[in-house]
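Please look through the structure shown here before reading on.

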Amino acid sequence: MSPASPNEPPGPSGPWARCTAFFFERLGLDDLHALAAKKRVPIHRTALFYFLGGMALFLFAIQVITGTLLSLYYKPSPDQAFESVRAIMTEVDFGWLIRSIHSWSANLLIGVLFLHLLTTYLMRAYRRPREITWITGIVLLVVFFAFGFSGYLLPWNKLAFSATRVGTAIVGAVPLVGEQLLLLARGGDEVTGDTLARFYALHVVILPIAAFAILAVHLFLVQKHGMSIPERVAERRGGEDKVPSMPFVPHFLLRDMVGWYLALGILAVLAALYPWELGVKADPFGSTPEGTKPEWYFLFMFQTLKAVPEEVWGIRNAVFVVLFFAFVGLVVLAVPFLDRGVPRGRTRLVLNVLVAAAVVFFIVMTVWGLLPEVPEVPE
Amino acid sequence: MRRFSTSVLPTLLVAVSAAATAALAAEKKAPGKPTEPENQCIVCHGDSDLWDGDRRRLYVTIKDLAGDIHWQKGLRCQDCHGGNARAADIKEAPHAEEDKFQSLRSQPKDYAKPPEPAKVVELCGNCHANIDFMRRYSPSPRVDQLREYWTSGHGQRLKATGDPNVATCVSCHDRPHGSGLDRGKHAIRAVADLESPVYRTHVAETCASAKCHADAKLMANPAYAYHGRPLGHSQYDQWRKSVHAQALLKKGDLSAATCNNCHGNHGALPPQVGSVANACGVCHGKVADLFANTIMKHRFEKLQLPGCAQCHGEHEIVKPTVEMLGMSGGAFCAECHPKGEGEKGEFGATIAGTKAARSLRADLDHLTDAIQSAKEKVAEAERLGMPLPGPPSDEKLDLGIYLRRASDSLKNARVLIHSFKLPPVEASLAEGLEVTKQVEERAEEALQEYHARRVWLAASLAPILLVIVVLLLYIRSLPPLR
């Protein structure tokens with residue numbers, strides 16, 4: 001090592017400063033630091049909605065950590081899956097807590113994602129040039145749905161088994177490729193150990209890779225285009241650049257952390273009041289247990305399927321429901337292109353009415369699905 | 001479409017015809033199939049058009065013969081019936097007496113007459129009672145069926161009266177089974193064959209077939225009365241409701257009792273009053289032993305009461321319940337031991353006896369409830385995913401499995417009731433109660449732990465809220481935004 005030149009500025013003093021300088025120089029963290037220092041978050045009445053994305057990210061991090069811990073003990077085979085989850089809950093130190101938090105944070109994450117989607121729509125944050133950000137967000141929501149669906153089967157208990165049987169049967173109703181999709185999902189005609197292996201691979205390998213990749217694009221785009229400011233706020237202030245803002249670090253980050261801790265508190269309350277149960281081991285030859293229901297975020301689809309008559313316009317109800325929700329999904333995906341950007345135009349009005357109807361439909365169907373079934377009284 | 005039908009369809013038809021012809025040819029060549037050219041009996045007896053009316057009995061289907069155990073073992077028509085199976089001309093030889101043709105009729109040439117039952121039995125007995133012959137097919141064959149048959153109710157009546165309604169070998173072993181004119185289709189299956197009418201799950205149905213023990217008119221015949229008691233015709237319906245039928249037909253438990261287990265098969269007879277307990281004891285050995293050593297047994301014999309059947313019934317033996325025990329509410333003890341002096345004053349219950357019966361009933365109920373309660377708690381703890389250590393004696397033992405000991409004690413106590421002694425029953429019940437107590441304590445601990453976890457999780461909110469407050473205070477301390 002050559003001695004420092006007398007013309008060079010003096011280096012940092014103190015061990016911590018020297019260590020920081022070491023990594024900043026080698027990892028190029030100066031750019032990131034500059035970016036964080038430059039990044040600002042607008043301040044307005046609906047700025048609270050900005051925290052939902054961070055909260056979702058925090059819950060996803062909890063999913064990754066608790067999921068990794070669970071995978072250390074989980075055994076994905078029909079003979080051992082249930083027993084290994086039982087061992088996690090009864091023999092592993094704090095295994096019950098980790099499982100409960102993993103399950104509840106998954107549910108909370110989906111709930112936060114729903115809110116994030118809705119508030120993003122309300123703030124028109126999908127407007128040019130953020131169309132791709134919107135699309136990646138929708139795809140992420142679908143990926144997290146798949147996370148939930150695949151994870152539900154893993155404990156291999158009766159309810160999960162039956163719900164998977166019903167859920168995969170709906171996949172089989174997709175026109176033209178339904179049969180192939182059903183085989184692909186189940187790994188055979190029925191839900192078996194092969195299905196469990198597939199769902200496990202999906203849950204811990206395929207979906208995480210997809211989620212990280214899409215999330216990276218989504219976050220890059222958020223960073224690239226900055227936080228979207230609602231049209232009316234910008235209008236009122238006379239332009240987006242006139243809207244007051246706060247630095248991301250530390251002001252917004254600290255507030256974001258408050259949100260994370262709130263989410264953690266909600267998780268603790270849920271895990272305390274409703275610890276995730278183990279259930280009864282699945283019996284592939286047993287009958288479907290009463291009260292078989294999917295997770296709450298699939299209930300609106302499940303209830304729709306139950307409410308729709310066996311045949312609609314000559315189409316089998318399952319096919320009809322699949323086609324209907326596929327159409328709704330496409331409309332949601334195409335929202336940035338359907339909204340022409342005219343604030344009080346007809347298209348926006350139609351979209352608003354449709355979104356309001358969709359929200360009401362979702363709530364009504366979910367609540368209906370949650371209600372206990374009343375046995376039919378014979379006439 | 002037209003092009004398809006004119007080109008593909010004939011090709012398909014040709015292919016299907018070729019395959020069918022090949023399959024038929026293969027079937028004809030298959031060994032053991034009843035289509036051998038040298039067997040001329042089949043030529044006539046296998047022709048459906050030749051047999052009608054009373055003579056229809058002589059029609060033998062190829063399908064039935066193929067399933068017949070005798071045919072499968074290589075025996076042919078002439079091995080039982082004699083005659084010359086190769087004689088093509090019916091007028092010449094097949095039924096010729098010089099060829100030792102055996103007619104089962106009293107008048108050999110009168111084919112419209114039904115076979116004589118006794119001749120059927122003897123014909124089967126020719127081989128089945130011959131150890132040397134039967135050894136060809138099995139190293140340790142059973143050859144006592146004929147001897148047993150002549151001791152049975154059926155055999156005795158046949159010997160005494162020649163009654164054509166009496167069951168003979170083919171009545172039960174042939175398919176479809178029946179008696180009288182309906183006998184015999186030459187489809188006798190091995191006993192272990194699922195389609196055999198004497199396969200365990202079919203025995204009761206076979207005994208009760210329309211022309212036998214379920215025939216009200218036939219069974220009402222005073223000539224069939226046994227020890228002055230009509231045979232009755234509702235046994236099958238009663239048995240169908242029994243715990244034995246449920247086990248055999250619904251659970252597939254082939255060890256469950258059907259007709260032949262209590263009555264015998266070839267030597268079928270109703271068990272005598274004194275031998276009922278022994279018949280039941282074949283399976284329920286411990287209960288029979290206990291009962292045999294009681295004063296009750298001798299009292300029953302003295303009064304001509306049919307042992308086990310007195311309390312448990314004959315054919316409709318339902319699952320015994322604790323309600324059978326006690327002095328009230330239809331309990332069986334009170335039937336013979338009424339309180340005070342009744343018609344059966346001789347056996348009126350003593351105060352001590354009444355107390356004992358009531359106490360036993362209460363203790364049995366108590367253990368039953370305790371087991372149920374422990375089971376529910378264990379199931380609840382398991383459903384919640386709580387750890388359930390085993391009993392103090394073996395902490396690694398599964399608590400659910402350990403709880404089975406209590407169920408075993410309960411079963412044992414119910415069996416010991418047949419000793420009509422209080423101490424052994426109480427000891428067994430106490431053993432069961434100790435197990436349920438331990439299990440319940442462990443399950444209770446697990447459930448308390450579950451509630452403790454909830455409290456601690458709720459308490460974790462405090463530090464979380466504290467961090468939130470600190471963060472908010474820190475945010476407030478930041479320099480104001482421009």
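This is a predicted model: local features need pLDDT of at least 70, side-chain atom pairs count only at pLDDT 80 or more; totals for chains, interfaces and linings use all residues.

Residues are numbered from 1 along each chain as its sequence is written, while chains are lettered from A and ligands numbered from 1 in the order in which they are written.

Chain A contains 15 helices and 4 strands. Helices (H or I, at least four residues) and strands (E, at least two) are DSSP runs, numbered from the N terminus. Of the 379 residues in chain A, 30% are buried. A residue is called buried if 20 or more other C-beta atoms lie within 10 Å of its own, exposed if 12 or fewer, and partly exposed in between, with C-beta atoms placed from the backbone. Two residues are in contact if their C-beta atoms, placed from the backbone, lie within 7 Å. Taking the contacts in chain A between residues at least 6 apart in sequence, 75% join residues at least 24 apart.

The predictor's confidence in each residue is given as pLDDT, from 0 to 100. Chain A has a mean pLDDT of 88, and 94% of its residues reach 70 or more.

Chain B has 24 helices and 0 strands. Buried residues account for 26% of its 482 residues. Of the contacts in chain B with a separation of 6 or more, 51% are between residues 24 or more positions apart.

Where do the two chains meet? The contact takes 25 residues from chain A and 22 residues from chain B. On the side of chain A that touches chain B, helix 4 (81-90) and helix 11 (248-273) each supply at least two residues. Helix 11 of chain A gives the most to that side, with 14 residues. The residues on this side of chain A divide into 17 nonpolar, 4 polar and 4 charged. Here Ala, Val, Leu, Ile, Met, Phe, Trp, Tyr, Cys and Pro count as nonpolar, Asp, Glu, Lys and Arg as charged, and the others, Gly among them, as polar.

The next topic is the nonpolar cores. A nonpolar core is a set of buried Ala, Val, Leu, Ile, Met, Phe, Trp, Tyr and Cys residues joined through C-beta atoms within 7 Å. The largest has 67 residues, and those with the most contacts inside it include Met55(A), Leu109(A), Trp156(A) and Ala263(A). Helix 5 (residues 95-122) of chain A gives the most to this core, with 11 residues. Not counting residues up to four places away in sequence, Met55(A) touches Val112(A), Gly259(A), Trp260(A) and Ala263(A). Apart from this core lies another, of 51 residues, among them Ala167(B), Cys308(B), Ala381(B) and Val435(B).

Helix 12 of chain A has several buried residues, including Tyr297(A), Phe298(A) and Phe300(A). The buried residues of helix 12 pack against helix 5, helix 6 (131-153), helix 13 (317-333) and helix 15 (346-370) of chain A.

Some backbone details remain. A cis peptide bond joins Arg128(A) and Pro129(A), with omega about 10°, and Pro129(A) lies in the loop between helix 5 and helix 6 of chain A. Another cis peptide bond joins Val249(A) and Pro250(A), with omega about 0°; Pro250(A) is found in helix 11 of chain A.

Trp156(A) has a positive phi of about 55° although it is not a glycine. Trp156(A) lies in the loop between helix 6 and helix 7 (158-171) of chain A. Why does Trp156(A) count as buried? Trp156(A) counts as buried because it has 25 C-beta neighbours inside 10 Å. Phe94(A), in the loop between helix 4 and helix 5 of chain A, has a positive phi near 60° and is not a glycine either. Phe94(A) has 11 other C-beta atoms within 10 Å and is therefore exposed.
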